[in-house]
Amino acid sequence: MENCLFCKIAKKEIQAAVIYENDYVLAFNDISPQAPVHILIIPKIHISTPADINPENSSEAGRLVETAAAIAKDMGLEGYRLVMNCNEIAGQSVFHLHCHMLAGREMKWPPG
Ligand code: AMP
Ligand code: ZN
């Protein structure tokens with residue numbers, strides 16, 4: 001999609017620190033890390049928000065979680081937190097589906 005930051009990163013029109021990539025997903029470091037490990041995992045196709053997941057495209061969401069598991073195994077992470085913000089009120093600022101993968105410090109619950 002035009003003028004979508006993460007579509008541009010997926011197409012390599014904008015640089016990012018890529019951690020993992022396959023035909024369907026791209027994982028790269030968040031530019032403003034909130035934990036020692038803060039990776040964003042995105043589908044290469046444009047989906048605006050988690051609310052746009054449906055039976056036709058839900059495999060894309062599954063791949064994000066699967067990718068996080070593979071990265072965690074590769075990095076030897078003991079645990080990690082996955083976050084998907086949906087819409088502005090929940091903190092979403094980039095409207096291309098993404099999963100935040102946070103690790104490397106103790107995580108508090110409930111979140112703020
Ligand atoms: P959200 O607020 O859930 O939409 O998350 C968007 C995330 O994208 C934020 O954590 C930003 O720090 C991150 N971000 C914004 N621009 C870039 C960029 N060019 N490269 C990497 N991460 C970015
Ligand atoms: Zn996009």
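Ala27 stands opposite Ile41 in strand S3. This pair belongs to the contact between strand S2 (residues 25-29) and S3, which run antiparallel and are joined by 5 bridges. The model is predicted.

S3 also pairs with strand S5 (residues 99-103), again in the antiparallel sense and over 5 bridges. Here Val37 stands opposite Ala103 in S5.

How many of the residues of strand S3 are buried? The count is 7 of the 7, across residues 37-43, so the strand is largely enclosed by the rest of the structure. In a regular strand, side chains alternate between the two faces of the sheet. In S3 both faces are covered. Val37, Ile39, Ile41 and Pro43 are buried on one side. His38, Leu40 and Ile42 are buried on the other.

**The zinc site**

Four residues coordinate the zinc ion (ligand 2): Cys4 and Cys7 through SG, His46 and His96 through ND1. The coordinating distances run from 2.0 to 2.3 Å. The site is tetrahedral, with angles of 106 to 116° among the 4 donor atoms. Along the chain, the donors of the zinc ion (ligand 2) follow the spacing C-x2-C-x38-H-x49-H. Cys4 and His96 link distant parts of the chain, 92 residues apart. Cys4 sits in the segment before helix H1 (5-10), while His96 sits in the loop between strand S4 (81-83) and S5.

Are these two residues, Cys4 and His96, buried or exposed? Cys4 has 5% relative accessibility, so it counts as buried because the cut-off is under 20%. His96, at 0% relative accessibility, also counts as buried.

**Ligand 1**

There are 16 residues around ligand 1. Asp30, Asn85, Gly91, Ser93 and His100 come nearest.

| Residue | Atom in the residue | Distance to an oxygen atom of ligand 1 |
|---|---|---|
| Asn85 | polar side-chain atom | 2.8 Å |
| Gly91 | backbone N or O atom | 2.8 Å |
| Ser93 | backbone N or O atom | 2.6 Å |

On its own, ligand 1 has 510 Å² of accessible area, and the protein covers 83% of that.

**Loops and backbone details**

Asn57 is found in the loop between S3 and helix H2 (58-75). Its relative accessible area is 13%, so Asn57 is buried. A polar atom of the Asn57 side chain lies 3.0 Å from the backbone oxygen of Asp52.

Most residues other than glycine have a negative phi, and most peptide bonds are trans. Some places in this model depart from that pattern.

Lys12 has a positive phi, near 65°. This residue lies in the loop between H1 and strand S1 (18-21). Lys12 has a relative accessible area of 47%, so it is partly exposed.

Asn87 also has a positive phi, near 75°. Asn87 is found in the loop between S4 and S5. With 34% relative accessibility, Asn87 counts as partly exposed.

Which residues does a cis peptide bond join? They are Trp109 and Pro110, with omega about 5°. Pro110 lies in the segment after S5.

Terms used: Residues are numbered from 1 along each chain as its sequence is written. Chains are lettered from A and ligands numbered from 1 in the order in which they are written. This is a predicted model: local features need pLDDT of at least 70, side-chain atom pairs count only at pLDDT 80 or more; totals for chains, interfaces and linings use all residues. Side-chain values use heavy atoms; hydrogens and water are left out. Buried means under 20% relative accessible area, exposed over 50%, partly exposed in between (1.4 Å probe, protein chains only). Helices (H or I, at least four residues) and strands (E, at least two) are DSSP runs, numbered from the N terminus. Two strands pair if DSSP finds at least two bridges between them. Donors are N, O and S atoms within 2.8 Å of the metal (3.2 Å for Na, K and Ca); water is not among the atoms, so sites may look incomplete. Four donors count as tetrahedral if all angles lie between 85 and 135 degrees; four count as square planar and six as octahedral if opposite donors are over 155 degrees apart and all others between 65 and 115; anything else is irregular. A residue is near a molecule or strand if one of its heavy atoms lies within 4 Å of it. A polar contact is a pair of N or O atoms within 3.5 Å; within protein, one must be able to donate a hydrogen and the other to accept it, and residues adjacent in sequence count only if both atoms are side-chain atoms. Accessible areas come from the Shrake-Rupley method with a 1.4 Å probe; for residues, only the protein chains shown count as cover.
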